[in-house]
Amino acid sequence: MLVLGIESSCDESAISIVKDGQKIIINEIYSQYEIHKKFGGVFPEYASRSHLEKLLIILKNALKGSNLTLKDLNLITVSQKPGLIGSLHMGLSLAKSLSIALKIPYKAVNHIHAHLISAMIGREDLLQFPALGVTISGGHTFLALMKNRTEYSIIGSTIDDAVGEAFDKVAKLLGLGYPGGPKVEEMAKYGDPQAFNFIPCRVKNKPYNFSFSGLKTKVLYTLRGQNAQNNGEILLKKEKFKDLAASFQMCALTDILKKSIKACIDFNLKQVFLGGGVANNHLLRQLFDRFSPPTLKVFFPQKGLCEDNGAMIAALGFYQFMQEGIESSLNLNPQPTSKLTCI
Ligand code: KG4
Ligand code: ZN
């Protein structure tokens, strides 16, 4: 089954064609980075306009690049929630239009669920359920107990900022710009991760929950002094910025590492699958390599599948369609939020 995956929930316009949920034929991603960088974050109206301009071009490129035509497609899948309402509308409208024109079904999926399965793509023969899924993106941070690809329960999530959001905010404080994650990682390479004694936040009686807002405030105070405002005078010497970036990064990532490993031990899970933009981080990969128990298999997404992409949408849409056998309604609207309920 050849499945088209459409992703437009935030600032990436992405189209993929995936065979049977596993084999990626093509994965095209256009990042709106150049459009938003002058604003220091995503400007929603510009994001949706750019999706409108780019989605059809990317679709044509994807078909050309894979030597396929629209007639070869069997299923259309799309991110319907959560995300920016205007941006989601662009992808959803394209999916519905293609479904009507080609007379093939379409399936709308939850973007953050798709991040959970992105590291499973192409690894069909290795999967062992139940497993731990870890979504670490700019909008979400949560741990999920995965019964299989399509069924999961959330066991912990952030109670304030997502980890990617914390990277973006710290990058802003350090004057590094947007998107912050890769820039903080780059600066941190040259710093001492023990220079500042930051300790991950524990949420009372919720061992798998996260809180990153206090850590972000500690970075602010280290930079501008106690009780500082975001725009206060910078007191820390410029040559110490790399130490601050490294200490922040180490604290945030060891928190993800330790809580993920604890969940695997507590629930007797043998595999963990990470997804979302922060899974691009090299230090996080090294930490899991070094500190995971030998019995635990850790899977990071393959290249191009951490950040927002159409392949994870196509894979999830395929499995949900095969399981449920029903397509999504043409009356379905985009949904900006998606409630995370912990068990
Ligand atoms: O999954 P994603 O592309 O979009 C959302 O669904 O949110 O994640 C984007 C987030 C941003 O916050 C970005 O700063 C972060 O992922 N990110 C990173 C790295 N690359 C991207 N964070 C830490 N280290 C990285 N190398
Ligand atoms: Zn995402």
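In strand 2, Val18 is the bridge partner of Val3, and that pairing is a handy way into this predicted model. Residues are numbered from 1 along each chain as its sequence is written, while chains are lettered from A and ligands numbered from 1 in the order in which they are written. Since this is a prediction, local features need pLDDT of at least 70, side-chain atom pairs count only at pLDDT 80 or more, and totals for chains, interfaces and linings use all residues; side-chain values use heavy atoms, with hydrogens and water left out.

- Strand 1 (residues 2-7) is largely enclosed by the rest of the structure, because six of its six residues are buried (under 20% relative accessible area with a 1.4 Å probe, protein chains only; exposed is over 50%, partly exposed in between).
- Strands here are DSSP runs of E with at least two residues, and helices are runs of H or I with at least four, numbered from the N terminus.
- Leu2, Leu4 and Ile6 point one way from strand 1, Val3, Gly5 and Glu7 point the other way, and all are buried.
- Strand 1 runs antiparallel to strand 2 (residues 12-19), with six bridges joining them; two strands count as paired if DSSP finds at least two bridges between them.
- Four residues sit between strand 1 and strand 2, which form a hairpin.
- Strand 1 also runs parallel to strand 4, joined by four bridges, and Leu4 has Ile76 as its bridge partner there.

- Another set of strands makes an open, mixed sheet of five, in the order 8-7-6-9-10.
- Its edges are strand 8 (152-157) and strand 10 (297-299), each pairing on one side only.
- From one strand to the next, the twist averages 20°.
- Strand 6 (residues 131-136) and strand 7 (residues 141-146) run antiparallel and share six bridges; Gly133 stands opposite Ala144 in strand 7.
- Helix 8 (residues 241-266) lies across strand 6, strand 7, strand 8 and strand 9 (271-275), running at about 160° to strand 6. Axes are lines fitted to C-alpha atoms, for helices over the stretch in contact, and angles run from 0 to 180 degrees between N-to-C directions.

**Nonpolar cores**

- The largest nonpolar core has 51 residues, and Leu132, Ile136, Phe248 and Leu274 have the most contacts inside it. A core is a set of buried Ala, Val, Leu, Ile, Met, Phe, Trp, Tyr and Cys residues joined through side-chain atoms within 4.5 Å.
- Elements supplying at least two residues each to this core include strand 6, strand 7, helix 5 (163-173) and helix 9 (282-291).
- Helix 8 gives the most to this core, with 14 residues.
- Apart from it lies another core of 29 residues, among them Ile117, Ala131, Ala315 and Tyr319.
- Leaving aside residues up to four places away in sequence, Leu132 touches residues including Leu143, Ile155, Ala263 and Phe273; contact means heavy atoms within 4.5 Å.

- For reference, the ideal angle for four tetrahedral donors is 109.5 degrees.
- His111 and His115 both lie in helix 4 (residues 111-117), four residues apart, about one turn of the helix.
- His111 counts as buried at 7% relative accessibility, and His115 is buried at 0%.

- Most residues other than glycine have a negative phi, and most peptide bonds are trans.
- A cis peptide bond joins Lys81 and Pro82, with omega about -20°; Pro82 lies in the loop between strand 4 (75-81) and helix 3 (85-102).
- The Tyr178 to Pro179 bond is cis too, with omega near -5°, and Pro179 sits in the loop between helix 5 and helix 6.
- Asn67 has a positive phi near 60° and counts as exposed at 74% relative accessibility.
- Asn268, in the loop between helix 8 and strand 9, has a positive phi of about 55° and is exposed at 54% relative accessibility.
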